[in-house]
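User: I'm new to reading protein structures. Could you walk me through this one?

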Amino acid sequence: MHATDGRAVPPPPVPSLLSTPVLLWQSSGPRRLRIGAGRARAELARLTAAGALVLYDPAAPSAVELVHRHTCGPRTPIGPAALPLPVGEGVDAPRRVAREIARHGARTVAVVGGGSAMDTAKLAAVLAVGGEPRFTTGPHSGLALLSRTDRPAPAVIAFPTTLGTGSETSGVARLPIGERRSRLVCSTTLCPAGAVLDPCLTGTLPRSLLAAGALEILLRLTGPLLGPHPMADAAAEWFLEYAALVRRTADKLLSANTLFSAETLRSAATLPSTDGSRCSDTEPAAALRLRLATVSAASHQVWPRVGVSPFAFLLWYFADTAATVTGTAKNAALARLFPAYLELALGVRGRSAWADGPRARRVARVLFPEAGPDPAHCREAAAELLRRWGIAPVAPLGADPGRLGSATVTSWPRALTGITAKDAAALYESANTPC
């Protein structure tokens, strides 16, 4: 290529990882993505009319309301079935649901619920056609894969009733295996064929779950930026821009003037949404919830992850182990670990097994400009943000740091290459020191 004056023009820079394939479970997304108020009712009506099997979380008020309206009304067509999911009922739950899917001969499964509900339905759909998870029985890896099947699994359409998990657009699912242990099952067959994001589905979430979801989205975006893995420039820009958007949106959503109390929401005659009679009352909060849900769904898609290592989110592996060993919620472990890990990342001069220091400092300048360059001040700013959102302070992790460190590097050796059990224990010890 030459400029108009005849001089050679160098080719545009190509990020070194642009041609590096990500793992297969990150390579696809839903074929149908429906976003907006009123979408859930319209899409579920279409699916039930076509005879889809509907699975729902009986503990989610918005799921119960939506499913009841479209499967128990006088105009409900003959054929569709609605079944409550056995969420939280142990290792047999996916297989129990798989038997129901097979018994109904379902070609399409609609699942209305949170992350655990969606994970259960995704796994059950594959188990129903003979897929089997493959994993080591010991704590040698936190990952599991699915065996190939000769038959196509039923199409899963996800209606998330919570924020942050991203299960509605990801090819992974959490499989409980007993004794406070689980495996992260990875397969392209687990990615839902479609997802519906509607603010009416998150309208009854209490403040604590809204905040936890916002934190999970924020850390899914900033985790790869803080970590040591190389990243394409375009991907880094996308993650940073949307991390800042998530913080601004969550700040607005969690302010007192945009939230309704759980009692107000439960006493409403209809679910609050921007397409109903209560539009003028709830539109600001609904729009904010929908924005967070959309960013969460997009964060699992392949296009912002071009050139990103599938193991880039180191903090997730530490939080996952802590949650598994101590029996606490993953978001609680993330909240406890994030400020300490941020301080550690900011203290890295170049790049280490822990972090990319320059990139981490850019994250801190964007998310915590008030803290300045000092890593300790940034840690305090992160802890203050969590307190303002109503997440922190949380109790110490409740397990010996040495035990946690050993469990982490044993379960995730490929993800934590270069980090020793002693190193990991030091992070857990630091996280137990209050800011």
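Analyst: Happy to! This is a predicted model. Let's begin with the surface: the protein chain exposes about 19200 Å², and carbon and sulfur atoms supply 56% of that area.

User: What percentage of the residues in the protein chain is buried?

Analyst: Of the 435 residues, 54% are buried. As for the elements, the protein chain contains 14 helices and ten strands.

User: How do I read the side chains along a strand?

Analyst: Side chains in a regular strand alternate between the two faces of the sheet. Take strand S2, residues 53–56: Leu53 and Leu55 point one way, while Val54 and Tyr56 point the other way. These residues are all buried.

User: Which strands pair with S2?

Analyst: Strand S3 (residues 81–84) runs parallel to S2, joined by four bridges. In that pairing, leucine 53 has alanine 81 as its bridge partner. Strand S4 (residues 108–113) also pairs with S2 in the parallel sense, over four bridges, and here leucine 55 is partnered with valine 111.

User: Now a single residue, please. Is arginine 359 buried or exposed?

Analyst: Arginine 359 counts as buried because its relative accessible area is 14%, and buried means under 20%. You will find arginine 359 in helix H11, residues 357–367.

User: What does the side chain of arginine 359 reach?

Analyst: That side chain reaches the backbone oxygen of glycine 227 at 2.8 Å. Leaving aside residues up to four places away in sequence, arginine 359 touches several others, among them Pro224, Leu225, His229 and Met231.

Terms used. Residues are numbered from 1 along each chain as its sequence is written. This is a predicted model: local features need pLDDT of at least 70, side-chain atom pairs count only at pLDDT 80 or more; totals for chains, interfaces and linings use all residues. Side-chain values use heavy atoms; hydrogens and water are left out. Helices (H or I, at least four residues) and strands (E, at least two) are DSSP runs, numbered from the N terminus. Buried means under 20% relative accessible area, exposed over 50%, partly exposed in between (1.4 Å probe, protein chains only). A polar contact is a pair of N or O atoms within 3.5 Å; within protein, one must be able to donate a hydrogen and the other to accept it, and residues adjacent in sequence count only if both atoms are side-chain atoms. Contact means heavy atoms within 4.5 Å. Accessible areas come from the Shrake-Rupley method with a 1.4 Å probe; for residues, only the protein chains shown count as cover. Two strands pair if DSSP finds at least two bridges between them.
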